[in-house]
Protein chains: 2
Amino acid sequence: MIRSVKAFAPATVANVSCGFDILGFAIDAMGDTVELIRKDEPGLRVVSIEGDGGKLPLEAKKNTCAVAIQAMLDELDEQVGMDIYLTKGLPLGSGMGSSAASAVAALEAANCLLGRPFEKKNLLPFAIEAEKVACGAAHADNVAPSLLGGFVLIRDYHPLDVIKLPVPNGLYCTLLHPHYELNTADSRSVLRDKIPMKHSTIQSGNVAGLIAGLYEGDFELISRSLRDVIAEPYRAVLLPGFYEVREALKTAGALGMGISGSGPTLFALSKGKDTAQAIASAAKEVYSSIGLGVDVYFSEINTKGAYLIEEK
Amino acid sequence: MIRSVKAFAPATVANVSCGFDILGFAIDAMGDTVELIRKDEPGLRVVSIEGDGGKLPLEAKKNTCAVAIQAMLDELDEQVGMDIYLTKGLPLGSGMGSSAASAVAALEAANCLLGRPFEKKNLLPFAIEAEKVACGAAHADNVAPSLLGGFVLIRDYHPLDVIKLPVPNGLYCTLLHPHYELNTADSRSVLRDKIPMKHSTIQSGNVAGLIAGLYEGDFELISRSLRDVIAEPYRAVLLPGFYEVREALKTAGALGMGISGSGPTLFALSKGKDTAQAIASAAKEVYSSIGLGVDVYFSEINTKGAYLIEEK
């Protein structure tokens with residue numbers, strides 16, 4: 001019987017420009033790690049959280065790892081004891097799918113500890129339960145790519161319809177996490193309840209182009225399609241230097257860029273590692289010029305999602 | 001030197017449910033035919049139009065075939081004399097891309113007559129010029145699939161960005177043309193200028209699903225994605241029996257259905273010929289029960305677009 005497991009789940013970019021509220025992808029550069037140790041007495045206990053600056057709750061009913069595992073145990077109608085050790089690789093509230101990565105790493109680990117009663121994709125509902133607790137909304141656009149890897153389309157929620165999309169070889173992502181806080185509620189509140197029909201058509205055309213570009217491996221088409229007319233124009237005003245950064249990223253060779261989740265992190269897609277690195281350097285310069293620090297990360301798109309690091 | 005040519009261009013379904021204003025596809029079942037005969041004296045002359053009940057203009061400046069060819073000659077800066085003979089296989093104002101098929105057949109024929117100075121896809125701007133004259137708007141969602149065949153995405157107009165999408169083997173379309181007239185302006189005027197953000201997201205998710213379904217050859221995904229929340233709910237009220245027909249088509253095995261262009265023709269997609277035929281029969285019954293006649297057509301999706309029938 002497996003006594004202890006450790007699993008990793010990657011950072012994710014939700015929304016993806018024209019894919020507002022329906023698309024997400026995973027990035028190899030960083031993520032969260034969860035270690036589980038089986039206990040004889042039932043019950044979930046969050047023993048430690050590292051890397052959160054003491055901000056995350058240890059209480060099982062509020063902790064995204066424990067909530068996700070509990071949802072899984074409820075479905076199995078099993079009582080299993082586990083001690084949970086969470087190591088945050090992702091900053092909180094950054095728009096990189098921090099809570100999603102914790103929940104998904106916990107589920108990947110727990111599924112292994114229990115002998116894999118679930119196919120990977122069937123862990124998704126439990127992760128969504130955890131997102132409800134962490135974010136107040138049952139979003140899947142971070143948890144789905146963190147679990148499954150690659151680009152993921154959330155076509156519908158009722159019932160859940162998640163489609164894994166292909167990732168062209170050599171597609172890189174650069175993440176820019178500037179040093180300021182942005183309240184998700186603010187980022188949501190600037191959006192319009194109603195939008196012009198014309199904007200909806202533009203958005204549809206672009207997301208259709210992006211999907212086709214991913215299937216075709218057509219970087220030019222991906223580039224032309226990475227435009228968001230629905231959320232970005234309203235959210236950009238909350239993001240210092242947004243348009244300067246955008247310009248610099250384009251000049252550095254980005255296929256396109258956008259707001260990661262609800263920000264403040266920005267993402268840029270590019271063809272190849274050198275361009276991803278050039279984009280990172282260009283972004284640092286712009287943020288520095290407006291007096292903001294920024295953490296930059298870049299890597300290929302993660303295509304395998306969450307994975308087991310070790311089991312004993 | 002080629003003296004005379006005859007070309008065919010297929011009927012088309014624009015909008016395609018969730019693909020409102022950005023998608024179209026071509027259907028083999030019927031189309032328009034244009035014969036051109038080279039003349040020594042320059043100038044375009046529409047000699048005859050068959051099958052239009054005398055409704056279409058012979059005057060070259062108002063005739064969609066002549067306008068399209070003239071746009072092509074202007075681009076080439078050439079003066080060539082041609083007599084134009086148009087045979088309409090498509091009913092006018094039906095929502096099956098009637099004017100588009102005429103323009104495209106004319107362009108395919110003229111391009112051949114002139115020794116193919118243009119690649120096929122580069123004929124598109126001339127066809128769009130003709131649509132301006134015929135419909136008052138520079139739509140490409142009928143002319144593009146009629147010219148190129150298959151499913152076509154119009155991602156953008158400025159500049160024109162047209163992407164040909166794959167068609168799964170065995171995908172059939174049934175067209176239902178009920179015997180009543182529907183004014184395109186009425187069909188446009190019922191649409192909303194502003195729509196809820198939520199509807200835009202739903203539409204984006206579905207069109208993304210449809211594109212993925214076409215690439216994957218996943219009929220179930222295509223079926224789940226064929227939902228239009230933006231135009232259909234408003235236009236359906238103008239279409240007698242719409243919901244009864246929809247129900248009957250689903251029961252007969254349709255993957256999905258929708259309004260072809262701005263109606264009154266409806267389309268249904270299905271897997272295989274037998275289902276396409278069953279759909280046609282079911283539709284006839286429903287229309288008959290509400291006292292309306294209907295013409296039904298079905299065929300595979302046309303994947304080659306317009307083509308030459310003969311040259312001499």
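Me: A salt bridge is a side-chain nitrogen of Lys or Arg within 4 Å of a carboxyl oxygen of Asp or Glu. Which residue of chain A forms a salt bridge with B:Asp161?
Reply: This is a predicted model, where local features need pLDDT of at least 70 and side-chain atom pairs count only at pLDDT 80 or more, while totals for chains, interfaces and linings use all residues. Residues are numbered from 1 along each chain as its sequence is written, chains are lettered from A and ligands numbered from 1 in the order in which they are written, and side-chain values use heavy atoms, without hydrogens and water. The closest N and O atoms of the pair lie 2.6 Å apart. The partner of B:Asp161 is A:Arg224.

Me: How many salt bridges are there between chain B and chain A?
Reply: B:Asp161 and A:Arg224 form a salt bridge. The count between chain B and chain A is two.

Me: How many residue pairs are in polar contact between chain B and chain A?
Reply: A polar contact is a pair of N or O atoms within 3.5 Å; within protein, one must be able to donate a hydrogen and the other to accept it, and residues adjacent in sequence count only if both atoms are side-chain atoms. Both residues must have pLDDT 80 or more. The count is twelve.

Me: Which element of chain B gives the most residues to the side that touches chain A?
Reply: Helices (H or I, at least four residues) and strands (E, at least two) are DSSP runs, numbered from the N terminus. Strands 5, 6 and 8 and helices 6 and 7 of chain B each supply at least two residues of that side. One element, with 14 residues, gives the most: helix 6.

Me: What area do chain B and chain A bury between them?
Reply: Buried area is the accessible area (1.4 Å probe) that two parts lose on being put together, summed over both. Carbon and sulfur atoms carry 64% of it. The area is about 2,700 Å².

Me: Which residue is the bridge partner of A:Lys194 in strand 8 of chain B?
Reply: Strands pair if DSSP finds at least two bridges between them. Strand 8 (residues 194-196) of chain A pairs with strand 8 of chain B in the antiparallel sense, over three bridges. The partner of A:Lys194 is B:Pro196.

Me: Where is B:Pro159 found?
Reply: Most peptide bonds are trans. The bond joining B:His158 and B:Pro159 is cis, with omega about 0°. B:Pro159 sits in the loop between strand 5 and strand 6 of chain B.

Me: How many residues apart are A:Asp83 and A:Lys39?
Reply: The two form a salt bridge, with closest N and O atoms 3.6 Å apart. A:Asp83 is in strand 4 of chain A and A:Lys39 in strand 2, so the pair links distant parts of the chain, by the definition of strands as DSSP runs. The separation in residues is 44.
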